[in-house]
Amino acid sequence: MKPNDVILHSVTKVAVVIILTFSIYLFYGGHHNPGGGFIGGLSVASGLVLLYLAFDIETVRNNIPVDFKIVAAVGVLIAVLTGVSSLFIGKPFLNQAFGYFDLPIFGKTELATAVLFDVGVALAVIGTAVTIILSISEDG
Amino acid sequence: MSWLYLMIFIPFIFAIFVPFIYKLFGTRIHTGWFVFFAPLAVFLYLLKYIPMISKGESVHSKLAWMPSLGINFTTNIDGLALIFGLLITGVGALVVLYSIYYMSKEREALHNFYVYMLLFMGAMLGLVLSDNILVLYVFWELTSISSFLLIAYWYQRKGSRNGAQKSMLITIFGGLAMLAGLIMLSMMTDTYSIREILSKVDLITSHSLFIPAMILILLGAFTKSAQFPFSIWLPDAMEAPTPISAYLHSATMVKAGIYLVARFTSVFGGSAEWFWIVSSIGLITLIYGSINAVNQKDLKGLLAYSTISQLGLIMSLLGVGSASIYFGYGDESSVYAFAVLAAMFHLINHSTFKGSLFMVVGIIDHETGTRDIRRLGGLISLMPISFTITVIGSFSMAGLPPFNGFLSKEMFFTSMITVIESPVFGMESIGLLFPIIAWVASIFTFIYCMILVFKTFLGKHRPEKLDKVAHEAPIGMLIPPMILAFLVIVIFFFPNVVSEYFLQPALIAVLPGFAAAGGIDVEISAWHGWNTELFMTIGVIVLGAFMYYYLRKWSRIYSYYPQVLTLNNFYNQLLAGMEKLSSKLTKQYMTGFVRDYLVYIFTFMIALLGCSLWLSKGFSFNATNDAPINLFEGGAIVAMLIAALTVVFSKSRITAIIAVGALGYLVSLFFVIFRAPDLALTQLVVETVTAALFLLCFYHLPELRKEKSKVPFKVVNLLISLGVGVIVTLIALSVNNHRLFESISYFYEDSYTLAGAKNIVNAILVDFRGLDTMLEILVLSIAGLGVYTLIKLQLAGREKK
């Protein structure tokens, strides 16, 4: 018997968009407001988990053909590489830099290498959380 | 600015690209051609240091790594490091060239091979160039690991796996001992820098940790350099592909122990213990290796034992040379310093002749399909070039002119005779043993060198016993050993050039007392007149030739030695015993019930926390400073209590899961009330994700029901759960009344100017404590992969059933 989950499906479709958008906001807001890579990554993961719960794993996998183990690995790699990159300009490992630039649309904007590091954190968190949940749900 | 530290990274950088190159060109161009440039570039770069270092200078460059921990990536190149650096890259380049022809690009997993090899090369360079002892240790273990991977390169073979395991166990054990010794050194001198340690020798010699530190460091050196009784891993390591045996297990890695001993000679040398341990272990290894080599039937086994023996020779020279420090600087001391010079000379010579011999043995193996002496013979007409190279290498190893081995062998005899002539440390009584052991070992060395040449190349050729039709190797495979054999001869004719540019600077590095004089006054020459050394050599040749001729008659005595008493047997017994013991012990407590494991964890936690709370009298509760609790907060607390109690008393799992979730959300409510938005957000999301996780696991859990088991067991459980609750409550209550450390909040006050971030929490996460975060996500991903692997393995196991 197929359960009737029309409501769940419809709500999920809308909610996931909101969650993911909010996650991106959280991620970028992290520098000056509450948020950051860890929270951003986790809320993306929670959005994805919602998708997996509402639809079945196969459907989601067909639509998002991403291996989350690789996502986690890439995340760690990015974090390590941003750390190493500071070695080449004679600074200690993991030294972060920031500066203010005039960009065409955004006006005066602050760009920081810490964001790159945060990308790594976020990807690692997303990859790990989804990997764990997927592997447990596939078991049995 | 010096680019020295970049040289260490070059092999690692190449290693990153190797798999991609292999994927792109794998079947068309041999990956080795790409790898070849790594050692070549570093070699050429290091050549630039020769003029500077031959003047007795040393170059120092520093790169901050973890300055707050005092760990810097400091590199230092002096005479000793230069010799090793050139050997590593020079022999490395030749070995890569050789491997291009040795390793088939169609059949072998070349990307693995070259990645491991580059990993080793970088680690070895780092080892000899590093000035920081902790960095040195890291590279030291990295060489052990890459050696393990390379020995197990043909991991389908049982022998490879066992050999790899053996070498790993022995060298890592030694490495850990060495780490303890190095830490003791840094405790005594309060620095991690080798240069600074060397300048504080007085502090060390008077310290009570002097002997323990010495023995621990020597353990590291002896295991790595395959000294008796740790030598057993080296013959088994011959399971590695021959280029690797030539590179790691004869020319470079096994000499790391020599490097360590040489590097710390000026710290520990001058004491009787160091002198006796290093020189006697060296001599025992020398004679043990040479006697065993004669009995080998496998050509690589023969070379392995001969390497052990030659390493013992160098080690004993360093041991004898250390007495020089005891005498200070003067005539007597320079007599002993001569031994150090001889050690460095033989180090270089050994790499040239042994490297070429290994390569030739590889060629024989490659072209005939066997390395068994009993099946080989009469190859001289089929492989004339290989024969010539073998003659040069073997005769040099046997100590015959006109090859470089003759010079260093004579110097070795001179040093051993010195021990009798100017005795030190109670040598008067048994000093005579030193030259006698040296002489006897040299006879056996002569015999196995002859076996290597004549049993393989002379005699009757028996093609029916070989797997392939024997023929000469392709020219590319012959060039690297030819270059090395060429060096063997060149060094014989120009030893003093080598001495001036390499040996004297290395001597100064080992014995800094001679720095002012620019080394010792020595002229290396092939002809000294009719002196004792020459007579010893003649004796070796005459007796050695005689014994080789009658080898068949007396070699039977080897079979009388009981197998039970061999070192390998001891090792196997020890390993089996340890496996048995640990499996017995593990079975005692690994019951397979998560419940039992939780009992262990919680009991330990209660004991640890309870004891420390009790011993430090840490419990104090004082509510006077606390803010008043308003109605809203009180309500939230009551709700939390209800949620917590629901978890304990719920009848179904789903209620319990929901209650745990509710508890988590209520906690995040408190974060909101106390204005910690970052924490609140994190807690909310974490709570959501874990609730989902719990629900997933929910499917797999059995029904919650009253379990019928014995009563005493439940009492234990009750006690433990009460204990955990009480301890955690006590700690939570007393947390607020302690200021064990100063507040660190001032550190983050100007986070906006320092990190450009208004959100201090995030600035701490990604900038101030970036290393913590990096390691956290690393741990997180490893945990994720662990979960994935466990579940996938379980699924695969089930499918098999």
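K300(B) sits in helix 17 (residues 299-321) of chain B, in what is a predicted model.

**Around K300(B)**
- K300(B) counts as buried because 23 other C-beta atoms lie within 10 Å, where the cut-off for burial is 20 or more.
- Setting aside residues up to four places away in sequence, K300(B) touches M238(B), S245(B), V361(B) and R371(B).
- T242(B) is 58 residues from K300(B) along the chain, yet 8.5 Å separate the C-alpha atoms of the two.

**Chain B as a whole**
- Chain B has 801 residues, and 44% of them are buried.
- Its secondary structure consists of 37 helices and 2 strands.
- The C-alpha trace of chain B spans about 105 × 65 × 55 Å along its principal axes.
- Of the contacts in chain B with a separation of 6 or more, 78% are between residues 24 or more positions apart.

**Domains of chain B**
- The domain assignment divides chain B into domain 1 (1-268), domain 2 (273-555), domain 3 (563-590), domain 4 (592-620 + 706-738), domain 5 (629-704) and domain 6 (748-801).
- Taken over C-alpha atoms, the centres of domain 2 and domain 5 of chain B are 74 Å apart.

**Helix 23 of chain B**
- Helix 23 (residues 433-457) of chain B holds 25 residues, so at 1.5 Å a residue it should span 36 Å, and the 36 Å between its end C-alpha atoms agrees.
- After helix 23 of chain B comes G459(B), with a positive phi near 80°.

**Where chain A meets chain B**
- The contact draws on 47 residues from chain A and 44 residues from chain B.
- On the chain A side, helix 2 (37-54), helix 4 (68-85), strand 2 (107-112) and helix 5 (113-138) each provide at least two residues.
- Helix 5 of chain A gives the largest share of that side, with 15 residues.
- Sorted by class, the side of chain A that touches chain B comprises 27 nonpolar, 16 polar and 4 charged residues.

**Annotated segments of chain A**
- An unreviewed UniProt entry annotates residues 6-28, 35-55, 70-90 and 111-136 of chain A as "transmembrane region".
- Residues 6-28 of chain A are 100% helix and 0% strand in the model, with 34 Å between the end C-alpha atoms.
- Residues 35-55 of chain A are 86% helix and 0% strand, and here the end C-alpha atoms are 28 Å apart.

Terms used
Residues numbered from 1 in each chain as written. Chains lettered and ligands numbered in written order. Predicted model: local features only at pLDDT ≥ 70, side-chain atom pairs only at ≥ 80, totals over all residues. Contact = placed C-beta atoms within 7 Å. Helix = DSSP H or I, 4+ residues; strand = E, 2+ residues; numbered from the N terminus. Nonpolar A, V, L, I, M, F, W, Y, C, P; charged D, E, K, R; others polar. Domains from an automatic or database assignment. Expected span 1.5 Å × (residues − 1). Buried ≥ 20, exposed ≤ 12 C-beta atoms within 10 Å, placed from the backbone. UniProt positions renumbered as here; feature names shortened; annotations may be inferred.
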